[in-house]
Amino acid sequence: MDVIIRIPKIKRAFLRRGITSGPFITKLSFHFTPLSLLAQLLSSTSSPKHLQAVAMGNCCLGGAGGGPYAAGGSSSHPDANVPNDAVEGFLKYRGYHGLYTQIELSLSASNLRDRDVLSKSDPMVVIYTKGRDGSLQELGRTEVILNSLSPQWIKKVIITYYFEVVQTLLFRVYDIDTQFHGLEEKMLKLDEQQLLGEVTCLLSEIVTKRDRTLAIDLVGKVESTSSTHLRKLGQLKVHAEECAVSKTTAELVFRCTDLENKDLFSKSDPFLVISKCVENGNAVPICKTEVLKNDLNPMWKPVSISISRAGSKETPLVIECFNFNSNGRHDLLGKVEKSLADLEKLSSGGQGEHMFVPISIGKDQQTKVLKSRLFVDKFSESVHHTFLDYLDNGFELSFMVAIDFTASNGNPRLPDSLHYIDHSGRPNAYQKAILDVGEVLQCYDSDRKYHAWGFGARPIDGPVSHCFNLNGSSGHSKVEGIHGIMTAYTSALSNVTLAGPTLFGPVITAAARIASQSLAANEKKYFVLLIITDGVITDLQETKDALVNASDLPLSILIVGVGGADFKEMEVLDADKGERLESTTGRVATRDIVQFVPFRDVQGGEISVVQSLLEELPSQFLTFMRNRDIHPSI
């Protein structure tokens, strides 16, 4: 029996980490089976114990104080500045597999206003996350620095950085009155303090700076006899650092022999799930292999396990082999319990480890040793740089857009058309996808000039084009900013005739050509093509060929399906199920570069279109860099 509860504590933990919008925040519900999991979850929100069992709900889941000049020294939230495993576990449980990493913010200021008569100001910073509706949630407070107009605060604030989410931060600097210096920061009533200035920025603006330091002017309202205006009131510097984790990663090649056959008319379809054991005895999945069909002696592709994600090389791991079933009820074929250090010894010795399964004999739990064995054919260690390491070294994400202008969208002048421009300002599905994805990606591109195309339409006095410049130019396809894309899109609706059919091949080829030229010029760019379409493509094999060719290039492709069409055939382009695309010549894609999302599936759902689309982008970026052996020079 499923139980649904609402837990404000977990909701607040989300808000403190910058997740401030979406249905899963406004109405946060948990589904658990059985009831015993609830007690674990409610006991706390800051220990590795509390959502381990929740994370196991699907075995195939995708991963200090004051200083000499401080007055007081405690955090405004006891759990605000530590990693929150409950939040991370919940995200994974609800299908959130995107990039998230702990970021430590350090703050300093200069040229603050002096509001004290006999001494200088005593500043403290309060940091908030700001929701789309303007609501504020406090993240934390620094210590109070006495008598300083250029303070450097020691206390850090930790926030979880989510690539897919626009995280708006608000910083308010207060002068703490002398009579309150004996109080802890969390006890201070802010309405009794003087506001020295405030500033708002995006977390992505900070992490995309070359040194991850953003200098921004503090402002405040200044009233005069005639009007109220904003005035610069000093400068705040915000520096971001990834919380210290080991970047060493172990790469392993696993092989099994003599697996049990669980299928009636074929052989088992095995895959491995690797989990780490935690202090309460539960196991948390950290890695899995692909599914190999009809194979009782499988050898899987290499898997990478971060030492930090495993805990350490000595942390016990559980390696479970399952027979895949489409209904999600996978059969356990056997398991092994070994640490990474043990697996390294297995590899060097060339010996296999017999697998076992738990069995019940009466009331006793015992294990049955199987004939099946697990081998580690390769074990190697290397340093894997993070996504933020590459950003810090000057790598950028360059946004591209391709829009479907086929006739199946309907007459743009009629309200039932997918291309209808509502003069009330409400965006149509095409506009919303551009705005939402562009809002996230624009911070990762310094010049904010984007390639924009249309396809499936007949320009004035011309044949049907399956890749035309959205800006109407015959010579170039770039526009200025997200506003430029929106303006070019609206203009194109008046200058082309909707036609067909729906072909992706030409726009993918155009994007791939630009990515190839950038790669040849050793530019630090990775391209992201957003294709928005209302129908199933008619050049499926040609599109596969283009995607296979593009898989070696710095390019990812995001596809949004709008309208009521059946997009089942489109899902074959998104290789999430482990089957790589193959071209007509038999060449297989070197990596998955496509993410496909039907717009209707995420409307009103737990996560936004943007999160659904962008969750795989950082891992696709890193896979390309590692395949090409491109390292940031840090």
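**Helix packing and burial**

Analyst: In this predicted model, helix 10 and helix 11 are roughly antiparallel to each other.

User: At roughly what angle do the axes of helix 10 and helix 11 cross?

Analyst: Helix 10 spans residues 429-441 and helix 11 spans residues 481-495. Their axes come within 10 Å. Angles over 145 degrees count as roughly antiparallel, and the pair therefore falls in that class. The axes cross at roughly 165 degrees.

User: Is the crossing of helix 10 and helix 11 left-handed or right-handed, and how many nonpolar residues does the contact have?

Analyst: Helix 10 passes helix 11 in a right-handed crossing. Helix 10 contributes Y430, Q431, I434, L435 and G438, while helix 11 contributes I482, I485, M486, Y489 and T490. By class, the contact has no charged residues and three polar ones, and its nonpolar residues number seven.

User: Which strands are included in what covers the buried residues of helix 13?

Analyst: Helix 13 covers residues 540-550, and its buried residues are T543, K544, D545, A546, L547, V548 and A550. The cover over these residues includes helix 12 (505-520). It also includes two strands, strand 28 (555-561) and strand 29 (594-598).

User: What percentage of the residues of the chain count as buried?

Analyst: The secondary structure of the chain comprises 16 helices and 29 strands. The chain exposes about 28,400 Å², with carbon and sulfur atoms supplying 50% of that area. Buried here means under 20% relative accessible area. Of the 634 residues, the share that count as buried is 53%.

Methods. Residues are numbered from 1 along each chain as its sequence is written. This is a predicted model: local features need pLDDT of at least 70, side-chain atom pairs count only at pLDDT 80 or more; totals for chains, interfaces and linings use all residues. Side-chain values use heavy atoms; hydrogens and water are left out. Helices (H or I, at least four residues) and strands (E, at least two) are DSSP runs, numbered from the N terminus. Buried means under 20% relative accessible area, exposed over 50%, partly exposed in between (1.4 Å probe, protein chains only). Accessible areas come from the Shrake-Rupley method with a 1.4 Å probe; for residues, only the protein chains shown count as cover. Axes are lines fitted to C-alpha atoms, for helices over the stretch in contact, and angles run from 0 to 180 degrees between N-to-C directions. Angles under 35 degrees count as roughly parallel, over 145 as roughly antiparallel, 65 to 115 as roughly perpendicular and the rest as oblique. A crossing is left-handed if the near helix is turned anticlockwise from the far one by less than a right angle, and right-handed if clockwise. Contact means heavy atoms within 4.5 Å. Ala, Val, Leu, Ile, Met, Phe, Trp, Tyr, Cys and Pro count as nonpolar, Asp, Glu, Lys and Arg as charged, and the others, Gly among them, as polar.
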